[in-house]
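Here are my notes from going through this one. Have the model open while you read.

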Amino acid sequence: MQDNFPWARAPSIERVHSLSPEVTVADRLERHRAELTAYCYRMLGSLDAEDAVQETMLRAWRGIDGFEGRSALRSWLYRIATNVCLDMLEGRKRRARPMDLGPAREPVLENLNARPEVTWIEPVPDAAALEVGDPAEVAVARETLRLAFVAALQHLPPRQRAVFILREVLRWQAAEVAELLDTSVASVNSALQRARATLTAVAPDTSTAPASVEAADADLLARYVDAFERYDMDALTELIHEDAVQSMPPFALWLAGREDIFTWWLGPGIGCRGSRVVPVGPANGAPAFGQYKPSEDGRRYEPWALQVLELRDGRIGELTFFLDTRRIFPRFGLPLELDA
């Protein structure tokens, strides 16, 4: 485990800037990993957030001798993380969801097209981005990790995005943000005003979202897994809203309405029949499952999608099937094969 954290192997600075001789630099940095992952994820909209935090930790470890303690360690780490994210975002197009790029299409195979020029929003495990703490604070943090909210943030220019997240999500003071970004309070307030105007037009309505994944209907989810594995459309009809939507990144096609979703599942998507669905804990504040399809020889199950389900009023309102399993499954601790 420590091989991933080279600063933990540096005895010369092991206890620098620590009130307690038993608290190492590695300990102090690790305390901030989850919140920094959440911050970087909101900035980047992808699993690159974990790489950004690793780079932040490496830069902090290398520069700890020059850290004079004039600001809090947490603020210093956020400054580093912001610079890392801004560097990673330079020259990149914004990440998006299929629903951001055009209308729903008919559930026919001809509409299943990838768009290589588009970079898609990726999911993040709650376990990597949320700290254990006050339930009310955790619930608020989950709301700002929802896929639709993170996609909305991507409409903001990177520095404006940082201002909005620091001010509105993390509740930093304008003077703190100005110091972090080496700018003026007036510039921070102006950027925040522009960001609010943009997000008013594109941000999702979160008023009907569940307060937390724990508050979601566990029975509903168990019934969904059972019904999906049996491919029982009658049972699934009782669990999915009539106006539900489904998307399948990296394909641009998205489906609007339960009827079209089922038409797809029983048509071009019929290969999902006989799948196994494995709970993996929440992603982006919503229940998530690893889906494995039976292999052609029937000897194993092969990874097909990470399903993220948005619940609304006791039913499923949105299904996102992330198909880049080679990249996503390992981040969620899912194997790339199951025995039959």
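Where does Pro250 lie? Pro250 is in the loop between β3 (240-247) and β4 (254-256); strands (E, at least two residues) and helices (H or I, at least four) are DSSP runs, numbered from the N terminus.

Before the points, some ground rules. This is a predicted model, where local features need pLDDT of at least 70, side-chain atom pairs count only at pLDDT 80 or more, and totals for chains, interfaces and linings use all residues. Residues are numbered from 1 along each chain as its sequence is written, and side-chain values use heavy atoms, leaving out hydrogens and water.

1. Most residues other than glycine have a negative phi, and most peptide bonds are trans. The Pro249 to Pro250 bond is cis, with omega near 20 degrees. Asn284, in the loop between β5 (276-279) and β6 (288-294), has a positive phi, near 55 degrees. Asp313 also has a positive phi, near 50 degrees, and sits in the loop between β7 (300-312) and β8 (315-322).

2. Buried or exposed? Asn284 is buried, at 0% relative accessible area, whereas Asp313 is exposed, at 64%. (Buried is under 20%, exposed over 50%, partly exposed in between; 1.4 Å probe, protein chains only.)

3. Helix α4. Thr82 is in this helix and is buried, at 1% relative accessible area. Thr82 touches Tyr39, Ala162, Leu180 and Leu181, leaving aside residues up to four places away in sequence; contact means heavy atoms within 4.5 Å.
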